[in-house]
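Please look through the sequence and the model below before reading on. The paragraphs that follow begin with a single residue and then turn to the sheet and the surface.

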Amino acid sequence: MDIKDNTLGISWHDSACIPSLNPANIMDYFSEKSNPFYDRTCNNEIVKMQRLNPEQLNNMTGLEYILLHCQEPILYVVRKQHRHSSSQVTPLADYYIIAGVVYQAPDIGSVINSRILSAVHHIQGAFEKTQSYSRYQPSKGYWWDFKEQESADTKKKSKDKSKEEPSSVFQRQRVDVLLAELVKRYPPKIVSTAPVQQPTSDKPHDQPTEEQQTKVHSIEPKVEIKQEKPSEMNLANVGPTVTTQVTPSQTGVTVKSSVKPPSEKRPRLA
């Protein structure tokens with residue numbers, strides 16, 4: 001079969017009519033003049049030109065197209081058949097329309113032929129790959145060498161990866177433009193929170209400030225020296241008494257400490 005006559009690899013569509021397709025007008029869409037799958041010598045064209053009822057096709061003989069299956073809104077199946085009588089027809093080809101694009105359904109012979117060719121191609125590639133690992137030497141004979149071939153393959157793959165770039169400059173700039181357009185179209189929502197005001201106290205001197213707290217550790221000692229009169233009963237324990245009174249600034253804390261110096265020794269009178 002000539003490549004021009006092979007219609008399995010082509011498709012057809014009309015962009016203007018795709019949105020309005022339905023079971024009532026799908027046959028009119030299929031019978032467009034630009035559709036390469038439609039034969040203008042069929043009975044459908046005669047009925048269309050003479051403006052007859054489409055049911056008249058059952059009483060005619062020859063080539064015709066019918067709507068075989070319908071799955072709205074995306075799938076329609078049209079059959080091409082030859083009518084011999086009102087009850088006897090011979091199917092010739094089937095066409096399926098998916099989203100407005102018309103394709104020819106392959107017959108069983110074309111499917112089997114394609115599968116066999118694909119299998120033979122892969123088998124031949126496997127034999128060629130296996131043959132590349134075989135080695136021969138008159139003294140040793142045949143043997144398999146996988147290491148050299150694997151090292152060569154890894155080097156080749158590393159070179160290919162080094163040549164490949166993750167993305168081009170155009171792609172990166174294009175992505176930035178798309179992201180900027182999306183941000184402009186759908187700006188992010190920013191939740192505004194009211195600032196929290198700290199309560200101010202009417203009596204600022206009630207609580208000690210940081211400076212006052214640091215001044216607690218600075219103590220101003222006050223030393224008072226008191227002299228007691230010596231007692232007639234115990235002259236040995238007579239001595240001045242030293243009293244230390246510590247009053248820290250900015251606080252009402254008072255610390256008193258009494259320290260007695262050692263008693264003076266007086267000579268005894270003979």
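In this predicted model, N43 counts as buried, because its relative accessibility is 5% and the cut-off for a buried residue is under 20%. N43 belongs to helix α2, which covers residues 43–50. A polar atom of the N43 side chain lies 3.3 Å from the backbone oxygen of T61, a distance that falls within the 3.5 Å used for a polar contact.

From here the reader can turn to the sheet. Four strands make up an open sheet in the order β1-β2-β3-β4, and their pairing is antiparallel. At the edges are β1 (62–71) and β4 (101–104), each of which pairs on one side only, and from one strand to the next the twist averages 25°. In general, strands of a sheet pair through backbone hydrogen bonds, and the pairing can be parallel or antiparallel. Strand β3, made of residues 89–98, is joined to β4 by four bridges, and the two run antiparallel; as for individual partners, Y95 has Q104 in β4 as its bridge partner.

The last stop is the surface, where I108, V111, I112, I116 and V120 form a nonpolar patch whose members have about 450 Å² of accessible area together. One of these residues, I108, is placed in helix α3, which spans residues 108–131. Is I108 buried or exposed? I108 counts as exposed, because its relative accessibility is 65% and the cut-off for an exposed residue is over 50%.

How values were computed
Residues are numbered from 1 along each chain as its sequence is written. This is a predicted model: local features need pLDDT of at least 70, side-chain atom pairs count only at pLDDT 80 or more; totals for chains, interfaces and linings use all residues. Side-chain values use heavy atoms; hydrogens and water are left out. Patches are made of residues with over 30% relative accessible area and no salt bridge: like charges are joined within 9 Å, nonpolar side chains (Val, Leu, Ile, Met, Phe, Trp, Tyr) within 5 Å. Accessible areas come from the Shrake-Rupley method with a 1.4 Å probe; for residues, only the protein chains shown count as cover. A salt bridge is a side-chain nitrogen of Lys or Arg within 4 Å of a carboxyl oxygen of Asp or Glu. Buried means under 20% relative accessible area, exposed over 50%, partly exposed in between (1.4 Å probe, protein chains only). Two strands pair if DSSP finds at least two bridges between them. Axes are lines fitted to C-alpha atoms, for helices over the stretch in contact, and angles run from 0 to 180 degrees between N-to-C directions. A polar contact is a pair of N or O atoms within 3.5 Å; within protein, one must be able to donate a hydrogen and the other to accept it, and residues adjacent in sequence count only if both atoms are side-chain atoms.
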